[in-house]
Structure formats: structure tokens, C-alpha cells
Amino acid sequence: QVQLVESGGGLVQPGGSLRLSCAASGSIFSIAAMGWDRQAPGKQRELVAAITSGGSTNYADSVKGRFTISRDGAKNTVYLQMSSLKPEDTAVYYCHADISSGYYYKRYWGQGTQVTVSS
């Protein structure tokens, strides 16, 4: 079994910062891409940022220059540093990871963490 556990969400004022973390645990042989998605009320889930095992990154246009994704391979953890937060960043943030337990890769999802940007 593989589990992704997120932390770091909360309430922040516009212009503030938050750091999300997501740790993978369980039967892990290898992790390929990791990333973050978000879903705001009444909207579809969208990709926010992703990072490959080699460190290549990509971001949604709406967060470029404000969010930074990183990962710690030794800890099987992915981070999302969010700065200059806007009310439109309010959403439930979900991490995902493509994990192999030895045979093939499967995408796993975290349970989600709420980020609310409001004054």
C-alpha cells in the first residue's frame, strides 16, 4: 500500500505565503513525477505544478513566478512554496505521485488540504 499525506494548508491573507508538503510512504520502489493540483468550488481540478524525478518543472500560467515546486528524494516528499497569494488561489490542493512498487507505475493522490486566501 502507498499513502500520500499532505500538510501545510490554512488561512492566509492576500500577499502572504504558505508551504505545502506531501510525503509518500508505504511500498515504494521508485517515484517518477510528483505534483500538485487544486480544485476550487464549482471549478474543475487543474494542474498547478509538477516536477520530474530529474528535477524538471512545469507550472500553470496562473502561478508562474509565485509558486515553486521542489522535492526531496530521500524523504519521498514534494513541496509547494506559494508566495504572493491571491484570493483566486483559494482551493483544495491535492498532491499526486507516480509510484512504482516494483512492476509498473501508478498515480496516487493525497487527501487534499484546504488553502484559503482572504483578508
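Reader: How many disulfides does the structure hold?

Author: This is a predicted model, in which local features need pLDDT of at least 70, side-chain atom pairs count only at pLDDT 80 or more, and totals for chains, interfaces and linings use all residues. Residues are numbered from 1 along each chain as its sequence is written, and side-chain values use heavy atoms, without hydrogens and water. With a disulfide taken as a pair of cysteine sulfur atoms within 2.5 Å, the number held by the structure is one.

Reader: Which parts does the link of cysteine 22 and cysteine 95 tie together?

Author: The disulfide joins cysteine 22 to cysteine 95, with an S to S distance of 2.0 Å. Strands are DSSP runs (E, at least two residues), numbered from the N terminus. Cysteine 22 lies in residues 18–26 and cysteine 95 in residues 91–100, so the pair ties together parts 73 residues apart in sequence: strand 3 and strand 9.

Reader: Is cysteine 95 buried or exposed?

Author: Buried means under 20% relative accessible area, exposed over 50%, and partly exposed in between (1.4 Å probe, protein chains only). The relative accessible area of cysteine 95 is 0%, so this residue is buried.

Reader: Which residue in strand 8 does aspartate 72 stand opposite?

Author: Strand 8 covers residues 77–82. Within strand 8, the residue opposite aspartate 72 is threonine 77.

Technical notes: Helix = DSSP H or I, 4+ residues; strand = E, 2+ residues; numbered from the N terminus. Pairing = 2+ DSSP bridges.
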